[in-house]
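Biologist: Hi! Could you walk me through a piece of this one?
Modeller: Happy to, here it is.

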Amino acid sequence: MHWKNYMNIFLYVNHLLCPAFNVGFSMAFNVRTVWVAAAAAAICIINLVWFCRRTRKKVKVEIPTTVKEPLLSDELAFSSAVNQDEALEGDNGVDLRAGSHDIVSDVAADDRSDIAFSALEANVAAVQPQPLPQCAHLHVTPQPVDTEFLQVLLDTELGPPKFSVPKKEESSSSSLKALLDKEFGPPKFVIQKPITTADEGADSSLKEAQEDHPESSIHRPSLQLEVISGPAKGKMLIVGNDDVEVVIGRLPTCLLPIMDQEISSRHAVISYDDQAECWQLMDAGSLNGTNLNGKSVSSNDRKPGPRHSLSNGDLLQLGEVTRVKVSIEDVMAEPMAKRKTPSATWGPRGIKHSGSSHTSSLQSYTVTKLPPLQTVQEFPSQGLRLAVHQRLGTEHMRHGKDMEDVVLHMCPFDSLGSEAALFCIFDGHSGIQAALHAKSLVPDLLARKFQDPVSGAIITGRTQDEQAQALKEVFLDADSSITSDDGCTATVVLMQKQPESHFLIQAANVGDSSAIAVDVTSGSWTQLTADHRIANSYAERERLQERGLTVKRRLYGLNISRMLGDRFLKEEDLGFIAEPHVSLVTEFPSTHVGFLIVASDGLWDVLSEERAASLVIKAYSEDPSSTNAELIADILLNQALTLRSQDDISILVVEKRSVL
């Protein structure tokens, strides 16, 4: 039996025994037995009725929808199930409601209810629906579509089409222009067709005019902008021939950046109009407006304003404080036919650098207010002129530290004769002591190593391998003599004057202080040093990889892997060495003008060697008579400051004039 049945029996016995116990208790204490028995009997009847009503359960059976109709139609099967249930239950019955196909049965919670449910489930299973037979496949003949009627329905329901769909071209052979227009749309600009034979006669007069005046096609007045008031007072922009648009604003990417809070990011634009043949000013939708000679040229809705022609001496006002003076000179450019094609010279590791690839993309440069030159010196006997710029870096200035760059120049290098010269830069890190020590060691070591009692030559008189080995020994000896834990880079440049008044140049270096030789007469340049920064040198990363060190940018906090000093790191054998890179010998011909540039990483971090050489060549091509060592040093320092170099900046420029 089910566990519920046992529970019901227990409750039944409990209700019967409780009255009997009460009767016996009363008789034992001589209470009137009749009244007690009557009360006990009443209690038994009430308990029995309560027990029966409690144990009756009303069971609701949901018949699935799939068997409702067959079950109702088969009245005999349904009646037999009901009669059987009535025979088992006696007075209990089944209520069939016509409104809903539900059978509600009151069944006693004992074994007889299981028999009734089994019979009912058997009848329900007997009337389960059978699957329908599969229909035969019908072959329907497709009817033609009435496209006109379908179009009328679409127009009625959805309205006319919003845009027309072009039909495909019936012609299979489409032209190339039609295919391009179809895929990419019409061209954004017109490409001029080459002049054919038929057009040559019509343009003969224009050709003759260009042949008579070939320089007219490249004529453009020079433009110079100078900030005369405001936070950027003293800044000056000289616009090159390749620049046709000058953007003035607060962004560093502007050609003339001015850090004034009243100036917009793109405040004004000055461009050259080829048709009007003049420079024109346009306000670029600035917030505080632009004035030209006291009159506003801005629009009220912060949109680009109209263009206004500029003349020499015009005054621009940007905001309330900044004023810019305009200088325009109508100078004819040099004819292209008269320009010399620069030759090539040998660079480091046998690579040639041609001047034509560098001078074609020269850009304008901005001139800021510069500190005075630290050194300007003339060497008449050598035919050389020296200029040195040094400026404390912003990081050291902010923390109250001193400059860690040390510059050394000895012309002539008396220990090796009047024809020799020495130029060096030592850039210290973690202090200046190693750089000062190297400055005192290198000249003595060079004098002992290259002393020639016959000629006193510092470059010639030895084979290439012997010369390179001698310079390496000088660097290694200097490194072993520096016992401090701080270190420095070292760039040593040797110059030797030959009897024919031409110069030989050779360099050796460790670290990231570079040197270049620029021949402005031929328009070529040569890099004399190697960059030993780990991030920039694949050779240094390969060398460290062979030692089991995989680094990408820094090694134990340093971005260079070759230096002088740093005794503690080298004693631990961590991959740092002092073996220098030695360049090939470069020659300055006697009839050529050249510049030697040696600088610390404060310049080269923001300006590439190629760009520096381009600026030198450009300055000399524009004004050969005024281009000297001082001007080149100013231009390079100005570039470093404009590009916001953070490190100490040391620039050494040696000018070599031609000898006719």
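Biologist: How do E21 and E22 pair, and over how many bridges?
Modeller: E21 and strand E22 (residues 487–488) are antiparallel, with two bridges between them; strands pair if DSSP finds at least two bridges. Strands here are DSSP runs of at least two residues, helices (H or I) of at least four, numbered from the N terminus. This is a predicted model, where local features need pLDDT of at least 70 and side-chain atom pairs pLDDT 80 or more, while totals for chains, interfaces and linings use all residues. Residues are numbered from 1 along each chain as its sequence is written, and side-chain values use heavy atoms, without hydrogens and water.

Biologist: Which residue in E22 is the bridge partner of Gly428?
Modeller: Cys488.

Biologist: And what about E21 with E23?
Modeller: Those two are antiparallel as well, over six bridges, with E23 covering residues 490–497. Leu422 sits opposite Leu494 there.

Biologist: Is E21 mostly covered or exposed?
Modeller: Mostly covered: 10 of its 10 residues, 420–429, are buried, meaning under 20% relative accessible area with a 1.4 Å probe, protein chains only. Leu422 and Phe426 are among those pointing one way, Phe423 and Ile425 among those pointing the other.

Biologist: Switching topic, which residues of H12 meet H13?
Modeller: His437, Leu441, Leu445, Leu446, Lys449 and Phe450, where contact means heavy atoms within 4.5 Å. On the H13 side, the partners include Leu471 and Val474.

Note on methods. Buried < 20%, exposed > 50% of the residue type's maximum accessible area, 1.4 Å probe, protein only.
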